[in-house]
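Student: Hi! Could you walk me through this structure, starting with the rings?

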Amino acid sequence: MHAMNRRTDRSDGAGADPRGAHDTDVIVVGAGPTGLLLAGDLAEAGLGVTLLERRPAEISNLTRALVVHARTLEQLDARGLADELVAGGHPLTGLRLFGRATIDPTQLRSRFPFVLVTPQFEVERVLERRARRAGVTFRHDSEVLGLDQDTEGVTVRFRTAEGLGSVRAAYVVGTDGVRSTIREAVGLPFPGKSVIRSLVLADVRLTQEPDSPLMVNANGEAFALIASFGGGWYRVIGWNRHHQADDDSPADLDEIRELTRLALGSDYGIHDARWVSRFHSDERQVPTYRVGRVFLAGDAAHVHSPAGGMGMNTGLQDAANLSWKLAAVLQGQASDSLLDSYQTERHPVGKQVLRSSGALIRIALLPTGPGYAVRALAAQLVNRVRPLSRRAIRTISGLGIAYPAGPGAHPLAGHRAPDFRLAGGSRLYELLRRGRFVLVTPAGEPGVPQAPASGGDSPRSADDRVVTASWRSERRTALLVRPDGYIAWATDATAPAARAAALRGAVAHWTGTEDGASIATALTPPAHAADTPAGR
């Protein structure tokens, strides 16, 4: 991609430049996982990014997320971060939902056929390091007060220990959590309701080590989860039907021991809590993720129950969807209308996550008696009906997410591109680290740079927006893969003229290239067109 000159922000309180100049390209508000990934993506694309965070730099975020699912790991792999995170975490090859219902991630066709147990602060650590290396301007201890937007940009007003300041950008993204100031500033409602109250969260030490780094169960009387944080610390999240209290009511170790005994059959010798808190869980979603030049992502846009551990993962995938689109628009490679597809694609995903996590928590918390029968039936269905089990793990892992494709589109369009080997030995997700579209064509087609016999960095840049590569196998389908790892376009056409025309049109549509001829030269008709990458 073309690299734009990075701009630094201005915080002298002078307000917006009357000529409409921007201090930076994008302002991201909120330094949680969603904001960090988004800011890092934009900065790596060469854009100026200012990240505003209310917390001082030395104060950690309140981390509630405990697991990273396969699709999120694939997104991190496309940024060169997944292997480090996996090495420091606990991969689980089985995940219990409620009672005896267990889903099997080993059946996933992914480089990451497991659920990774790792605390949110580890995810933030690797993302923050990347963002700083890419040149993101961090402004901690900056409380956002409001914003003003016009047809040319957005000015965000904030307060620091030194006084009032402002910064202006072309776009603003609010990733500032459930109590989002950005959401309030643009006047968006956050409709929904509390789904579970009086959840207790604590970091503790245990006398007895659990059988697994992630223990979870619910029986209608109580719900409890224990996850290893490393260094001898464990995170406990739990709920006791018989002990309901307001968020500001204190919680203690006796309450935590009781709810873990009720749900897990043991308290594992809980002791030495370094902190304990009580909170409630809501199901809420904004009606739109975009208001003019302002976007919402992560918990600022949607919140749901902790069942399934999909919260942080959904926010990270929001960021991966939005970042390449903002970069394309700001670099003049696409019109502003491309940004509307963020709402089209991600809002239904947020709604789906609310429904699936809501169903899980409601089944788990049904009272003993009728609840036992429902949980037993659900467990039996999940464990024995293979299509249902496969659907459950694909939903929770994020691998089942697909985006709408236009009428007449190839069946693969809109679906996640699985990782696969390319000619020369590289992988698709290694190639996605360049932040560009990837065009994969059959080996031996003229006009497409071919790989050397072995080794080397075989894929080539056909122009500044598209990297071309060839199948390692004899597959004949041509694919155009978006920077976020979803298939933008595919064809099985065999006629040279039809194939080349379709390819030129796809490249022009998705990358803003007026003439796709630099990439889509006349292609030799393949021997057959039946082989596709779906499900391989």
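Student: How many aromatic pairs does a search of the whole structure find?

Tutor: The search finds eight aromatic pairs. Rings of Phe, Tyr and Trp (its six-membered ring) pair if their centres lie within 6.5 Å, with planes under 30 degrees apart called stacked, over 60 edge-to-face and the rest tilted. One of them is Trp 324 with Phe 437, an edge-to-face pair with 5.5 Å centre to centre and 85° between the planes.

Student: Before we go on, what kind of model is this?

Tutor: It is a predicted model, where local features need pLDDT of at least 70, side-chain atom pairs count only at pLDDT 80 or more, and totals for chains, interfaces and linings use all residues. Residues are numbered from 1 along each chain as its sequence is written, and side-chain values use heavy atoms, with hydrogens and water left out.

Student: Thanks. Where do Trp 324 and Phe 437 sit in the chain?

Tutor: Trp 324 is in helix H7 (residues 311-330) and Phe 437 is in strand S20 (residues 437-441), so the pair links distant parts of the chain, 113 residues apart. Helices (H or I, at least four residues) and strands (E, at least two) are DSSP runs, numbered from the N terminus.

Student: Is Trp 324 buried or exposed?

Tutor: Trp 324 is buried, at 5% relative accessible area, and Phe 437 is buried too, at 4%. Buried means under 20% relative accessible area, exposed over 50%, and partly exposed in between (1.4 Å probe, protein chains only).

Student: And what geometry do Phe 420 and Trp 471 have as a pair?

Tutor: That pair is tilted, with 4.6 Å centre to centre and 35° between the planes. Phe 420 lies in the loop between helix H10 (386-397) and helix H11 (428-431), and Trp 471 in the loop between strand S22 (466-470) and strand S23 (478-481), so the pair ties together parts that are 51 residues apart in sequence. Phe 420 is buried at 10%, and Trp 471 at 1%.

Student: Which residues do ring pairs link into a cluster?

Tutor: Tyr 171, Tyr 289, Phe 295 and Tyr 342.

Student: What lies over the face of Phe 190?

Tutor: Arg 183 does, at 3.8 Å from the ring centre. Likewise, the charged end of Arg 205 sits over the ring of Trp 233, 4.1 Å from its centre. The criterion is NZ of Lys or CZ of Arg within 6 Å of the ring centre and within 35 degrees of the ring normal.

Student: New topic: in what order do S3, S4 and S7 form their sheet?

Tutor: The order is S3-S7-S4, in an open sheet with antiparallel pairing. Two strands pair if DSSP finds at least two bridges between them. Strand S3 (67-68) and strand S4 (90-92) stand at the edges with a single partner strand each, so one side of each has no neighbour in the sheet. S3 is joined to strand S7 (residues 115-117) by two bridges, and Val 68 stands opposite Leu 116 in S7.

Student: Last one: which residues does Ala 488 touch?

Tutor: Not counting residues up to four places away in sequence, Ala 488 touches Ala 413, Phe 437, Leu 480, Val 481, Arg 482 and Trp 510, where contact means heavy atoms within 4.5 Å. Phe 437 is the residue that pairs with Trp 324. Ala 488 itself is in strand S24 (residues 487-491) and is buried at 11% relative accessibility.
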